[in-house]
Amino acid sequence: MKLATQNLTKYFGEFKALNEVSIEVKSCITLIIGPNGSGKSTLINTVTGFLRADGGKVFFEDKEITNLPPHEIFKNGIVRTFQTSQPLLKLTVLENLLIAEANYGESIIQSFKRSWLMKEEMLVKRAFSILEFLGIEHMWNERAMNLSGGQLRLVEIGRALMCQTKLIIMDEPIAGVAPDLSHAILKKIKELSGMGISFLIVEHRLDIVLEYIDWVYVMAEGRIIAEGRGKEILENPQVVEVYLGAQG
Ligand code: ADP
Ligand code: MG
């Protein structure tokens, strides 16, 4: 098992946003679904150290990582992707990947072991091989602001791949992305999963995402209310109820 939470609990003031959440993420693609406000983003922000847990534990590869600062959790091989921010939009696609490594990469000591030039060359090579894998190498010199939403998601995955990542956590990776490109992104995620990288994904668009995932957890009001393998989960009466209730 890669990641596990045990009774993870988070309050915002009096409000219990996470209520004893226990999940397991194995070496595969795990999905979290649930109506708006059910606590999905809070869960991944708490797991990655951006929010402080008020109770419960988080383990990664059997090591406890509860409430470690984000950069410590990152060093353990967990990368949470972020939407490309305004300053990053001004940079080229290649620069976006190189900067990921500069931000989180090897320690300064390690960098000094080799010459800077060699390191630079290696990083550029690595960035290009990642862009090639993702199918966007022809855009390497394009400013990120000129990319489509779907292409930007690929750049975000590219940034995560520049680091020594074992688990990639993504919040709504195909929100606002056209169906064709959404499938292309999920196929890349599936391929990476086959190469040993685990994924924890929060996503609304079940029609597109369910065929790619290995396990799904359903959240409602800060709790896990159901879990299962892909499409079967939609036949679970409790799951149907929270989704219909949320629409009403
Ligand atoms: P989801 O991602 O499932 O839509 P969130 O995890 O974003 O849900 O939010 C869960 C609940 O916690 C919501 O009721 C939301 O209003 C509340 N919440 C989220 N972040 C904060 C915050 N920083 N401060 C106060 N309440 C918050
Ligand atoms: Mg959310």
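In the predicted model, leucine 186 touches Val209 and Tyr212, when residues up to four places away in sequence are left out of account. Leucine 186 belongs to helix α8, which covers residues 179-194. This leucine is classed as buried because 23 other C-beta atoms lie within 10 Å, the threshold for burial being 20 or more.

Setting aside residues up to four places away in sequence, isoleucine 136 touches Val93, Leu131, Gln151 and Leu154. For leucine 154, the separation from isoleucine 136 is 18 residues in sequence and 8.0 Å between C-alpha atoms.

Both Gln151 and Leu154 are listed among the buried residues of α7. Helix α7 comprises residues 149-162, and its 14 residues reach 20 Å from the first C-alpha to the last, close to the 20 Å expected at 1.5 Å a residue. The helix is mostly covered, with 12 of its 14 residues buried. Among them are the nonpolar residues Leu152, Val155, Ile157, Ala160, Leu161 and Met162. The buried residues of α7 also include the charged residues Arg153, Glu156 and Arg159, as well as Gly158. An α-helix has 3.6 residues a turn, so residues three or four places apart point the same way.

Strand β10 (residues 215-220) is likewise largely enclosed by the rest of the structure, because 5 of its 6 residues are buried. Strand β10 is paired with two other strands, β4 and β11. Strand β4 (residues 29-33) runs parallel to β10 and is joined to it by 4 bridges. Within this pairing, isoleucine 32 stands opposite tyrosine 217 of β10. The pairing of β10 with β11 (residues 223-228) is antiparallel and involves 5 bridges, and valine 218 has alanine 226 of β11 as its bridge partner. The hairpin formed by β10 and β11 has 2 residues between the strands, and in this hairpin glutamate 221 adopts a positive phi near 50°.

Strand β1 (residues 3-12) takes part in antiparallel pairings with β3, β5 and β2. Strand β3 (residues 24-25) is joined to β1 by 2 bridges, with valine 25 of β3 as the bridge partner of leucine 3. Between β1 and β5 (residues 55-60) there are 5 bridges; alanine 4 is partnered by phenylalanine 59 of β5. Strand β2 (residues 15-21) contributes 4 bridges to its pairing with β1, and the bridge partner of tyrosine 11 in β2 is lysine 16. Strands β1 and β2 also form a hairpin with 2 residues between them, in whose turn glycine 13 has a positive phi of about 65°.

The surroundings of ligand 1 include Phe12 and Ala17, and these residues fall within the ranges of β1 and β2, respectively. The remainder of the shell consists of Gly34, Asn36, Gly37, Ser38, Gly39, Lys40, Ser41 and Thr42. Helix α1 (residues 40-47) supplies the largest share of the shell, 3 residues. By class, the shell around ligand 1 divides into 2 nonpolar, 7 polar and 1 charged residues.

With regard to the overall fold, the protein has 10 helices and 11 strands. The radius of gyration is 19 Å, which agrees with the value near 18 Å that a compact globule of 248 residues would have. Along the principal axes, the C-alpha atoms fill a box of roughly 60 × 40 × 30 Å. Buried residues account for 36% of the 248 residues. Of the contacts in the protein with a separation of 6 or more, 67% are made by residues 24 or more positions apart.

How values were computed
Residues are numbered from 1 along each chain as its sequence is written. Chains are lettered from A and ligands numbered from 1 in the order in which they are written. This is a predicted model: local features need pLDDT of at least 70, side-chain atom pairs count only at pLDDT 80 or more; totals for chains, interfaces and linings use all residues. The radius of gyration is taken over C-alpha atoms; the globule rule is 2.2 Å times the number of residues to the power 0.38. Two residues are in contact if their C-beta atoms, placed from the backbone, lie within 7 Å. A residue is near a molecule or strand if its C-beta atom, placed from the backbone, lies within 6 Å of it. Two strands pair if DSSP finds at least two bridges between them. The expected span of a helix is 1.5 Å times one less than its number of residues.
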